[in-house]
Amino acid sequence: MDVKRSPQGYLYWLFCQFELITCSYLMEPWEKVLFYSFNLAIAGLLLYTAYVCLVFHLSSAFQLLWGFLGNPRENALSVVK
């Protein structure tokens, strides 16, 4: 039986691989709940932090870029002065 043929079977196969890699198949149900909750919380915080920092850095980079491309004569004159 090939489990990976259907999308649902493939997700089940990935989850089984995750349990094998993390050895969470050996945990009791309450330990699994704590373990998965902690992992999801950390992943959520990392994604949120990456989103906030990425938006901040991209906006700063675009402001700098538009400052360079905005008025070339003014920028050239300010360098000469």
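Where is the place of Ser-24? Ser-24 sits in the loop between α1 and α2. This is a predicted model, in which local features need pLDDT of at least 70, side-chain atom pairs count only at pLDDT 80 or more, and totals for chains, interfaces and linings use all residues. Residues are numbered from 1 along each chain as its sequence is written, and side-chain values use heavy atoms, with hydrogens and water left out.

**Overall build**
- The protein has three helices and zero strands. Helices (H or I, at least four residues) and strands (E, at least two) are DSSP runs, numbered from the N terminus.
- Along the sequence the pattern reads α-α-α.
- Of the 81 residues in the protein, 5% are buried. Buried means under 20% relative accessible area, exposed means over 50%, and partly exposed lies in between (1.4 Å probe, protein chains only).

**Annotated spans**
- An unreviewed UniProt entry places the feature "transmembrane region" at residues 9-27 and 33-56. UniProt positions follow the numbering used here, feature names are shortened, and annotations may be inferred rather than shown by experiment.
- Residues 9-27 are 74% helix and 0% strand, with end C-alpha atoms 23 Å apart.
- Residues 33-56 are 100% helix and 0% strand, and their end C-alpha atoms lie 34 Å apart.

**Where α1 meets α2**
- The axes of α1 and helix α2 (residues 29-70) come within 14 Å and cross at roughly 100 degrees. Axes are lines fitted to C-alpha atoms, for helices over the stretch in contact, and angles run from 0 to 180 degrees between N-to-C directions.
- The two helices, α1 and α2, are therefore roughly perpendicular. Angles of 65 to 115 degrees get that label; under 35 is roughly parallel, over 145 roughly antiparallel, and the rest oblique.
- From α1, Phe-15, Phe-18, Glu-19 and Thr-22 meet Lys-32, Phe-35, Tyr-36 and Asn-39 of α2. Contact means heavy atoms within 4.5 Å.

**Glu-19**
- Glu-19 belongs to helix α1 (residues 7-22).
- Glu-19 counts as buried because its relative accessibility is 13%.
- Leaving out residues up to four places away in sequence, Glu-19 touches Ser-24, Tyr-25, Lys-32 and Tyr-36.

**The loop between α1 and α2**
- Ser-24 is buried, at a relative accessible area of 0%.
- Beyond its neighbours within four places in sequence, Ser-24 contacts Glu-19, Lys-32, Phe-35 and Tyr-36.
- Cys-23 is also found in the loop between α1 and α2. At 38% relative accessibility, Cys-23 is partly exposed.
- Cys-23 has a phi near 60 degrees, a positive value in a residue other than glycine. Most residues other than glycine have a negative phi.
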